[in-house]
Amino acid sequence: MISWRKHYRQTLIAIGLLLSTSASIYGQDGDPKNGEKLFKANCTACHALDKQVVGPALKGVVARLETEQGLGKDWLHKWIKNNKELRASGDKYANEVFEKFNKTEMQVFPNLTDKDIDDILAYTTNPPAPEPVKTDATKDTANAGSANGAPQSSTTTNVVIISLLAIAGLLVWILLKLRQLVKLGQSEDLAGLNETRVKSFREIYEKYHYIGKGLIAILALLAAYGVWNWIMWIGVYKGYKPEQPIYFSHKIHAGEQKIDCQLCHSSAKYGKVSEIPSMNVCMNCHRTISEYNAEHYMEPGKDKAFYDGEIQKIYAATGWDPAKQQYTGKTQPVEWTRIHNMPDFVYFNHAQHVVAGEQAIINSFNKKNPNNKIDVVCKACHGKIDTMNVVQMANDFTMGWCIECHRTTEVDMNNGYNKEYFKNLHDKLKKQYPKDGGKITVDAIGGLECGKCHY
C-alpha cells in the first residue's frame, strides 16, 4: 500500500512538472520569429518598428496601447482583422487613429488567424536580435595573408633595390663601351670612310627619291583614312556612362526586384520618346521605402549609409517629409545627364519598335545571339540593362547599325495588322525577296527608305 502511494505521488509530481513546463512554453503570447516573417510579409509596406512610415511605429504597441488607452490585445485583433468594421461600430479610438493618419485606409487582414496576430504582436514587443552578417571567408584569408606577408614584402623590396643597382651598373658599363667606340671612330683608319658618307638630306633624297615618294604617298593615304575614320565616329559614344546626381542602380531595381522597364518608362509604349520618369514615379515605392535593407546585394565600395543617403536625395527633390509623412511643397529639380540622344535629323519612334516590332526584334536578336538571348525588347538596343549598376550606351547607334538590324529582322506577316495591311503585297514580296524561303525582313517593307528616318 505504501509502495502504491509513493508511486502515485511520484506520478503526480511528474504530471505537475510536465504541465508547468507546457504552460511555460505554450503560455507565451506568441512566437516572435514567426511574427517577424508575418510582419515583413504583411506590414512593412506601411509600418516599421522604430519609426513612422504610412502608419505609426509599432515597437511596444501592446504596452503603449494598454498604458495610454487602457485597451488590450483583443482590440488589436479586431483592428488588424477588420479596422473598417471596428470604425463603423463607433469605436472612439479606432476613429481617432483614422483621423490622426489623414484618413488613410488600412488594409484588412481577415486571412490572419488569432495565433498569427499574437505572433506579430510578440515580434513588436520583443523583436529577436538580428542575425550577424556573414563575413566573406576570403576577406579573413586575405587579412591573415597580409599580416603574414609583411616579411615577404620586405624581402621583395630588397630584391627590387638590388635589381635596380645591377641595372645601374650595367648602364655605366655600356656608357664606357660607347665612349671607347667613339674614340675608335676618330682614328685615322676610319677617316677615309667619313669622306664617303652622305652629308645632307638632299643627297639622300636624290639617291632614294622613288622610295621617298612612295613613303609619302602611303603616309598621305594613312592620314586621309585616319581623318575619315575620326569624322565617321563623331557622336558615337558606345560605353558612355556618366555619373548621375542621384545614384540609381538598374541592377537592383530591374534585376534584383524584377521591376518592369515600362513601369517607369511608360511613354515608350505610347510615344516617340521614352522619357525620364518623374521623381513622383520613384515616390510610388520610396514613400514607404526610406532605407536600404537588401544587405544581400551591395555594390563594392558602397554601404547601407550610401544607399540611404541617395533615398534622402529623392525626398529632398520631391519635398517629402518622412517624419510627418507629407509633402512640404519645397521641391528641387534634378539635373539628370542624358545618355541616349538621337540627332535632330533622325526620326525614331519607340512605340513602333516596342509595340509593333516587339516580338520580331526579340526573335531576330535571339537568333543572331543564341548564347546571349533577351526576354525584353528594350535589351536589343540598350543592352542587358538589368545587370548594370550604372547605365551605359551598349551599342553604336549609328546609321549602319540601324540598317543592319532592318536587313536582318524578319517581319511577322501573320499578325493581324501586317496580314491585313500587306494583304495584296504578300505574293509580290515573296517573289521579290526569295531569300530564306520567302521570309520578309524590315527592309522589304520600306525599312531602308530615307524618308522613314530622315525628314
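Colleague: Is Lys 258 buried or exposed?

Modeller: Buried means under 20% relative accessible area, exposed over 50%, and partly exposed in between, with a 1.4 Å probe and protein chains only. Lys 258 counts as exposed because its relative accessibility is 66%. Lys 258 sits in the loop between α12 (250-256) and α13 (261-264). Its phi is positive, about 60 degrees, although Lys 258 is not a glycine.

Colleague: What stands behind the numbering and the values?

Modeller: Residues are numbered from 1 along each chain as its sequence is written, and side-chain values use heavy atoms, with hydrogens and water left out. The model is predicted: local features need pLDDT of at least 70, side-chain atom pairs count only at pLDDT 80 or more, and totals for chains, interfaces and linings use all residues.

Colleague: In which loop is Gln 325 found?

Modeller: Helices (H or I, at least four residues) and strands (E, at least two) are DSSP runs, numbered from the N terminus. Gln 325 lies in the loop between β1 (320-321) and β2 (326-327). Gln 325 also has a positive phi, near 55 degrees, in a residue other than glycine. Gln 325 counts as buried because its relative accessibility is 7%.

Colleague: How many helices and strands are there in the protein?

Modeller: The protein has 23 helices and two strands. Of its 455 residues, 24% count as buried.

Colleague: How should I read a nonpolar core?

Modeller: In soluble globular proteins, nonpolar side chains tend to be buried together. A nonpolar core is a set of buried Ala, Val, Leu, Ile, Met, Phe, Trp, Tyr and Cys residues joined through side-chain atoms within 4.5 Å. The largest one here has 22 residues, and those with the most contacts inside it include Phe 39, Trp 75 and Leu 112. Two or more residues each come from α2 (32-42), α3 (61-69), α4 (73-88), α5 (92-100) and α6 (114-125). The most come from α4, which gives five.

Colleague: Which residues does Leu 112 touch?

Modeller: A contact means heavy atoms within 4.5 Å. Leaving aside residues up to four places away in sequence, Leu 112 touches Asn 42, Ile 80, Lys 81, Ile 117 and Ile 120.

Colleague: And how do I read aromatic pairs?

Modeller: A pair of aromatic rings is described by the distance of the centres and the angle of the planes. Rings of Phe, Tyr and Trp (its six-membered ring) pair if their centres lie within 6.5 Å; planes under 30 degrees apart count as stacked, over 60 as edge-to-face and the rest as tilted. By this rule there are ten aromatic pairs. One of them, Trp 75 with Tyr 93, is tilted, at 5.3 Å centre to centre and 50 degrees between the planes. This pair links distant parts of the chain, with Trp 75 in helix α4 and Tyr 93 in helix α5, 18 residues apart. Trp 75 is buried, at 7% relative accessible area.

Colleague: Why is the pair of Phe 306 and Tyr 307 edge-to-face?

Modeller: The planes of Phe 306 and Tyr 307 are at 75 degrees, with the ring centres 5.5 Å apart, so the pair is edge-to-face. Phe 306 is partly exposed at 26% relative accessibility, whereas Tyr 307 is buried, with a relative accessible area of 6%.
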